[in-house]
Amino acid sequence: MSEWIYYDIPRVFTAMAQWGACTVYIFILRNKYGKIKTALLLVLFLVIRCILLMSTENLHIVWWIPVIAVSALLMWLMLFTL
């Protein structure tokens with residue numbers, strides 16, 4: 001049974017993994033803001049990423065690449081902002 005089933009992965013896990021990767025990189029670098037403002041911005045970016053991926057869950061597969069492109073853009077924006 002070598003069938004790959006990707007749609008079983010909850011999108012919120014994908015959002016948290018992408019956010020977590022950026023967060024680790026942000027903590028390695030010296031950030032621009034204090035701890036509280038950085039934490040608030042991190043939570044904001046997590047919420048935005050979760051909303052994006054959860055709201056596009058039932059889209060046709062044709063939209064997968066544009067959604068991932070927007071998600072990558074959010075990752076870049078998060079790294080650029082923080």
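1. In this predicted model, the structure holds zero disulfides. C22 takes part in none, and the nearest cysteine sulfur, which belongs to C50, is 13 Å away. That separation is too far for a bond, given that a disulfide requires cysteine sulfur atoms within 2.5 Å.

2. C22 lies in helix α1, where the buried residues are A15, Q18, W19, C22, T23 and I26. These residues cover an arc of only 135 degrees around the axis, and therefore sit on the same side of α1. An α-helix has 3.6 residues a turn, so residues three or four places apart point the same way. On the other side of α1, A17, V24, F27 and I28 are exposed.

3. As to packing partners, the buried residues of α1 pack against α2 (35–55) and against α3 (64–81). The largest nonpolar core comprises eight residues, namely W19, C22, I26, L41, L42, F45, M78 and L82, and at least two residues of this core come from each of α1 and α2.

4. Within that core, L41 deserves a separate remark: when its neighbours within four places in sequence are left aside, L41 is in contact with Y33 and L82, of which L82 is itself listed in the core.

Technical notes. Residues numbered from 1 in each chain as written. Predicted model: local features only at pLDDT ≥ 70, side-chain atom pairs only at ≥ 80, totals over all residues. Heavy atoms only, no water. Buried < 20%, exposed > 50% of the residue type's maximum accessible area, 1.4 Å probe, protein only. Helix = DSSP H or I, 4+ residues; strand = E, 2+ residues; numbered from the N terminus. Arc of directions from axis to C-beta. Contact = heavy atoms within 4.5 Å. Core = buried A, V, L, I, M, F, W, Y, C linked by side-chain atoms within 4.5 Å.
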